[in-house]
Amino acid sequence: MVDLSRIRNIGISAHIDSGKTTLTERVLFYTNRIHRISEVRGKDDVGATMDFMELEKERGITIASAATHCEWNDHHVNIIDTPGHVDFTIEVERSLRVLDGAVLVLCGVAGVQSQSMTVDRQMRRYKVPRLAFINKLDRSGANPQRVAQQLCDKLKHNAVLMQLPIGLENKHEGVIDLITMKAIHFDGDNGENVRIGEIPEDMQHEAEAARETMLDAVSLFSDDLTEAILEEKVTEELIHDAVRKGTLSQDLTPVFMGSAYKNKGVQPLLDAVTRYLPDPTEVENTGVDLSNDEAPITLSSDPNKPLVALAFKLEDGRYGQLTYLRVYQGKLARGASIVNSRTKKRHKVGRLGRMHAADMEEIEEAFAGDIVAMFGIDCASGDTFTDESIDVAMSSMHVPAPVISLSVKPVDTKSQDNMSKALGRFVREDPTFHAGVDPESAETIISGMGELHLEVYVERMKREYNVEVETGAPQVAYREAISRRAEFHTTHKKQTGGSGQFGQVSGYVEPMEEGDFEFKNEVRGGNIPTEYIPAVEKGFAQALEKGRLIGFPVTGVRVVLRDGKSHSVDSSDMAFQTAGRKAFRDVFPKAKPVVLEPVMKLEVESPNEFQGAVLKTVMQRRGTVVGTTEDDGFCRLEAEVPLSEMFGYATDLRSCTQGKAEFSMEFSRYLRVPGEVQDELKKQFGSRVVVEDDD
Amino acid sequence: MKKRFLNARSPLRLLEQGLHGGLGQGNLGVVIAAHGVGKTSFLVGVAVDELLRDGRVLHVSCSHPVAHVRAHYDTVFEDLAQSKHLENEGLIHGEIDRHRSIRVVPPGTLTPATLRDAVKVERETGAPPSLIVVEGLDAAELTREDLQDLRSLAGELEAEIWLESTCSDERSVSVPKGLEAQSDLVGVILALEPGQGAVGLRALKDHDNPDVSALHVSLDPRTLLLVRS
């Protein structure tokens with residue numbers, strides 16, 4: 001049985017291109033999990049071990065986070081490599097949910113970039129304690145002190161340097177450990193030989209000053225350390241304890257540094273991971289008790305308690321369907337019987353494995369705190385497994401609704417079957433990815449969180465399932481809404497020949513801020529018999545599925561039914577359903593309908609001289625600038641821009657800033673489109689609805 | 001209430017009456033108060049008033065991040081919209097967001113020159129601002145040349161520029177020494193003083209008008225918006 005205090009479940013999370021995959025690769029090398037280092041986009045055609053999907057290798061980005069396991073200083077370390085692109089934040093969020101701690105990798109040159117901010121916000125949401133690693137100190141312009149200051153200013157961390165660099169840029173040789181006050185050099189072809197030596201004489205003074213600053217900050221978390229400082233009896237152990245305490249409470253971010261690419265600073269970072277990040281017992285995890293009205297329930301890392309495990313990621317690998325699980329409580333053993341708390345289906349645990357990127361190491365059992373892979377069990381990502389003794393689910397993860405869709409059409413009939421297989425798998429793997437068939441056009445529609453998100457799945461269909469598809473133009477997920485209260489009084493009457501139909505409804509509709517649809521029945525005196533009320537509601541609900549302005553769902557509508565009439569023979573469920581549908585069709589133009597569009601929060605970072613050009617790109621796209629922040633020659637622009645205007649933005653931004661700007665984008669909210677755009681959309685979708693306007 | 005009525009009835013018109021016409025284009029205004037009394041809120045109130053009258057505002061801050069400044073505007077606008085039952089609130093909110101630009105610069109880097117650069121960017125991408133709010137830069141610490149430069153910028157733009165200054169005495173605000181010698185360059189100087197149940201606003205300088213007693217109004221202590229007496 002594994003000693004839980006020696007398990008670390010960590011994530012390596014950061015901005016794209018800050019070098020986190022390279023860092024992970026070094027970690028695996030130093031922990032003897034791999035015996036050769038391959039670079040991201042390397043010349044050796046192998047690619048980094050964690051970037052195992054073909055596409056990732058080609059683009060040099062991490063898309064799906066692979067879980068891997070390594071050993072360091074007698075500790076089991078499970079590492080989740082997380083993607084850096086905003087379109088894949090669901091992956092990041094899901095990974096963070098199962099992590100106990102994280103390393104935030106920052107580029108020593110670019111510092112805190114917009115994506116670092118998004119990732120940091122997510123970590124804060126899931127209360128993940130973190131260490132920072134300032135990477136790329138070998139690059140020109142590297143300045144770890146400035147980056148640490150940005151951690152404080154931009155991300156509001158209490159960042160404290162635990163090391164100082166020995167030389168920067170092409171003179172970067174190693175680091176000074178401010179706790180031991182020793183210089184650390186990394187010798188050998190791959191930096192595998194750690195050599196501890198004396199601090200270079202010319203840095204002695206600087207190191208002493210930095211140690212004093214570090215002790216000042218760290219002593220806030222330990223009275224013992226404060227006392228020891230006063231009595232000049234500081235020990236390494238006391239400092240470690242204080243740093244750990246501050247890190248666990250997320251009040252302190254210890255900062256380490258180096259250059260993963262040049263094999264510098266990685267081993268001390270691993271020491272810090274095992275020293276300062278929490279073990280599974282030190283993190284409180286809660287689930288919901290399904291047998292007690294979803295009351296929150298605290299899980300304990302006790303292996304003897306009933307099993308609770310979360311499936312946080314699915315993959316179809318060379319070993320078949322593969323489910324990554326985090327065990328929160330109890331024990332998961334091969335051959336045991338487990339239940340999916342969503343479907344209530346029982347499964348028998350087959351093979352279990354510890355994943356090392358695409359390779360696997362088989363194990364017999366896993367305990368609370370472990371991250372493992374399970375084979376051959378059909379489930380969706382986010383499902384909870386228990387043994388049969390309790391009915392618990394892990395609290396739901398925040399899953400945003402898709403904002404963009406695309407029609408896909410296989411080029412031949414052979415591709416058709418494979419496409420269904422591929423889509424079925426992607427939907428199970430990624431809750432932000434949806435696929436379905438449009439009943440009118442009979443086209444297959446995929447939807448997701450951004451252009452690149454969908455592009456990646458189209459590519460994966462091609463590469464992994466050999467499916468060639470033609471894609472339509474990306475379609476923004478508009479919505480319709482009403483903007484004022486309006487009364488309805490509608491009769492549905494068909495009394496000529498055969499069985500008749502009669503239903504009369506009156507009341508009003510009004511806009512509401514929260515929720516999609518609310519139906520209130522205020523009919524008194526049985527003018528509409530109670531049994532027909534659900535039919536009226538159903539009729540309205542059906543009408544809302546497709547708005548009459550441009551054919552998108554109508555949201556934010558409250559319907560209040562106040563009166564009506566029925567007929568003893570001709571009234572029926574069907575008649576009242578039709579009356580509800582007709583009533584909404586009649587009242588919709590009177591309620592001043594509007595089109596809503598998804599608006600994205602855009603952040604663009606560029607050198608100062610391009611801020612005018614960047615601003616123009618936002619203005620041209622009906623964007624609203626929220627503000628600009630200048631800092632050290634760089635300018636960060638925050639804006640809100642309609643998604644429909646953002647297609648091809650990457651190319652435009654590159655061309656107007658000589659490729660020196662970068663942006664990140666995430667869904668912000670739905671907003672009303674301006675009148676002229678609404679008219680344009682109505683024309684485009686062939687709408688003939690005349691909005692009644694008395695203003 | 002419709003926007004045009006809201007404007008006509010804005011308590012800011014009281015301020016203008018009290019000041020014999022307000023700050024006026026091409027002039028510098030300074031609001032002085034102790035820490036935490038609400039200089040920023042007051043200035044945001046002035047800016048929102050300008051935005052509601054279809055003006056354009058540039059808000060430069062070296063003390064708060066963009067999200068913080070924006071939240072200030074949202075609060076002031078929402079308070080106003082709700083208390084006056086403003087029609088088409090969402091649309092007007094969107095409009096004023098588009099006509100307001102927030103620029104954050106690191107402390108210590110804000111000078112009349114950087115302000116000119118900011119205005120240049122505004123000009124390149126849209127219309128120049130009709131009101132500039134400078135937050136986090138103490139007017140009393142500016143040199144005479146700086147103030148002169150700011151005033152000429154206000155003149156060139158035909159805009160009003162509002163600055164702030166912090167004093168130590170909360171209840172009896174006077175023109176700080178650093179600003180006294182330069183006060184000829186400033187059109188209007190206002191003092192904010194916390195009183196019982198309200199914050200008092202009085203003029204310490206009103207252009208060339210020797211009688212500054214005409215302006216003495218109360219502000220809502222929560223929102224720092226002017227209240228009609």
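My entries below cover confidence, then a charged patch.

**Entry: the whole model.** I noted at the start that this is a predicted model. I looked up its overall scores and found an ipTM of 0.76 and a pTM of 0.61.

**Entry: chain A confidence.** I read an average pLDDT of 83 for chain A, with 87% of the residues at 70 or above. I then went to residues 41-47 of chain A, where the pLDDT is below 50. Beyond near neighbours in sequence, that stretch has 13 contacts in the model. I also marked residues 55-65 of chain A, again with pLDDT below 50; here I wrote down 46 contacts beyond near neighbours in sequence.

**Entry: chain B confidence.** I found a mean pLDDT of 82 for chain B, and 86% of its residues reach 70 or more. Where in chain B is confidence lowest, and where is it highest? The lowest is helix 1 of chain B (residues 3-8), with a mean of 60, and the highest is strand 2 of chain B (residues 57-61), at 93.

**Entry: a charged patch.** I found a patch of negative charge on the surface, whose residues include A:Asp223, A:Glu231 and A:Asp241. Helix 7 (223-230) and helix 8 (236-248) of chain A each give two or more residues to the negative patch. I placed A:Glu237, another patch member, in helix 8 of chain A.

Conventions. Residues numbered from 1 in each chain as written. Chains lettered and ligands numbered in written order. Predicted model: local features only at pLDDT ≥ 70, side-chain atom pairs only at ≥ 80, totals over all residues. Heavy atoms only, no water. Patch = residues over 30% accessible without salt bridge, like charges linked within 9 Å, V, L, I, M, F, W, Y side chains within 5 Å. Areas by Shrake-Rupley, 256 points an atom, 1.4 Å probe, with all protein chains shown as cover. Salt bridge = Lys/Arg side-chain N within 4 Å of Asp/Glu carboxyl O. Lys, Arg positive; Asp, Glu negative; His and termini not counted. Charge placed at Lys NZ, Arg CZ, Asp CG, Glu CD. Helix = DSSP H or I, 4+ residues; strand = E, 2+ residues; numbered from the N terminus. pLDDT = per-residue confidence, 0-100. Contact = heavy atoms within 4.5 Å.
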